[in-house]
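Please keep the sequence and the model in view while reading.

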Amino acid sequence: MTQTQELISSRPPAGSRLAVHTEDLVKTFGETRAVDNICLDVAEGEIFGVLGPNGAGKTTVLRMLATLLDIDSGVAQIFGVDVARSPHVVRQLIGLTGQYASVDEGLTALENLRLFGRLQGLSRAQARSTADDLLTQFALEEAANKPLAKFSGGMRRRLDLAASLITRPPLIFLDEPTTGLDPRTRGQMWTTIRSLVADGATVLLTTQYLDEADQLADRIAVIDHGRTVAEGTPDELKSSVGVSTLQLDVASAVQGAEAARVIEAVLGTEVHLAPEQGRITVPLPAADKAGDVLVALRAASISVASLQVSKPSLDEVFLALTGSGVPDEQNDPTSSTVQETH
């Protein structure tokens, strides 16, 4: 294993109640092993992030926990309730907001929330009261009676999240909740997610956005090709890739591969090139090693256009753990074929 693969496997504090517990979770689709012995422990009251590229298996794990996909082997428990044996009980403990809005386009926001309330067993009065409260909480009261055709993407996502909270579940699954949103709306969603936890909920979210995981998650599991390749707090993951990070651009992109070989020889670690093959990011055991890299590149007649030494970020963790290639979405058999339900 490389240094970055020998990462700590963070666990919740001793004595904390587990909202989610899995052991050796497996899901296969034909010859594809989409989830390969995943083990997760999510403590009650935390935001737990599952980070990984397209096709890594993030959504498949979430769907298994939410009872939308059968578990081939392994154990999954929600607040101690076995997912495979008691799916109806589990559904009463969770709320799910998926990648695609599950609200009815032919209804207004108010009508959607009242409908979800009735479907989940609330009386007419309870459904009306809950819908009104949620519209206020998610700043949608002024749009309560507007058709969804007039909603922005951010408004739709907020309404979808509101619909998953009709029964105030203690555990909320968010599958890439801010995909496609503008930066301002993403920030608003982050504030909403933090408020849910402040009110006592536990949140498990999947995301491809490194800054989102860094901003929100108390702990993060990085998944690639169906396996957990690292788990820890954001700071633990960052420190695992080195004290500092070197990022440089070579003056000529055609020299990118040669520059990578030179840097690997100096530092003794694998180097990943960006898609344009001219940008290199590599962890440094010490910041002053950047000088050794520059000397070696000059000796090899490789010109450097820009260079920066900084503390590691989740970007470097992600590259170190998953490499520069990002699998295509079609590698996740559930990425577009299964629609979300609340």
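## Terms and basis

A residue is called buried when its relative accessible area is under 20%, exposed when it is over 50%, and partly exposed in between, with a 1.4 Å probe and protein chains only. By this criterion glutamate 46 is buried, at a relative accessible area of 8%.

The model is predicted: local features need pLDDT of at least 70, side-chain atom pairs count only at pLDDT 80 or more, and totals for chains, interfaces and linings use all residues. Residues are numbered from 1 along each chain as its sequence is written, and side-chain values use heavy atoms, with hydrogens and water left out.

## Overall architecture

The chain contains 11 helices and 14 strands. Of the 342 residues in the chain, 50% are buried.

A contact is defined by heavy atoms within 4.5 Å. Among contacts in the chain with a separation of 6 or more, 71% are accounted for by residues 24 or more positions apart. The chain exposes about 15,600 Å², of which carbon and sulfur atoms supply 48%; accessible areas come from the Shrake-Rupley method with a 1.4 Å probe, and for residues only the protein chains shown count as cover.

## Strand pairing

Strands of a sheet pair through backbone hydrogen bonds, either parallel or antiparallel. Two strands are taken as paired if DSSP finds at least two bridges between them. An open sheet of 4 strands has the order S12-S13-S11-S14, with antiparallel pairing. Strand S12 (272-273) and strand S14 (304-310) stand at the edges with a single partner strand each, so one side of each has no neighbour in the sheet. S12 pairs with strand S13 (residues 279-284) in the antiparallel sense over 2 bridges, and leucine 273 stands opposite isoleucine 280 in S13.

S1 and S2 also pair in the antiparallel sense, over 9 bridges. Isoleucine 38 in S2 is the bridge partner of leucine 25. The hairpin of S1 and S2 has 2 residues between the strands, and glycine 30 in this hairpin takes a positive phi near 65 degrees.

## Salt bridges across the chain

The whole structure holds 14 salt bridges. A salt bridge is a side-chain nitrogen of Lys or Arg within 4 Å of a carboxyl oxygen of Asp or Glu. One of them joins the side chains of lysine 27 and aspartate 72 (3.4 Å, N to O). Lysine 27 lies in strand S1 (residues 18-29) and aspartate 72 in the loop between helix H1 (58-65) and strand S4 (73-78), so the pair ties together parts that are 45 residues apart in sequence. Lysine 27 is buried at 8% relative accessible area, whereas aspartate 72 is partly exposed at 39%.

Arginine 156 forms a salt bridge with glutamate 105, their closest N and O atoms being 2.5 Å apart. This pair links distant parts of the chain, 51 residues apart: arginine 156 is in helix H5, and glutamate 105 is in the loop between strand S6 (94-97) and helix H3 (109-119). Glutamate 105 counts as partly exposed, at 43% relative accessibility. Elsewhere, Arg33, Asp36 and Arg227 are linked in a network of salt bridges.

## The surroundings of glutamate 46

Glutamate 46 forms a salt bridge with arginine 219, with 2.7 Å between the closest N and O atoms. Glutamate 46 lies in the loop between S2 and S3 and arginine 219 in strand S9 (residues 219-224), so the pair ties together parts that are 173 residues apart in sequence. Arginine 219 counts as buried, at 4% relative accessibility. Neighbours within four places in sequence aside, glutamate 46 is in contact with Asp41, Thr202, Val203, Asp218 and Arg219.

## Surface positions

Alanine 139 lies in the loop between helix H4 (124-137) and helix H5 (153-163), and is exposed, with a relative accessible area of 54%. Alanine 139 and arginine 158 are 19 residues apart in sequence and 8.6 Å apart in space, C-alpha to C-alpha.

Leucine 294 is found in helix H10 (residues 289-299) and is partly exposed, at 37% relative accessible area. Leu294, Leu307 and Val309 form a nonpolar surface patch with about 210 Å² of accessible area together. Patches are made of residues with over 30% relative accessible area and no salt bridge, like charges being joined within 9 Å and nonpolar side chains (Val, Leu, Ile, Met, Phe, Trp, Tyr) within 5 Å.
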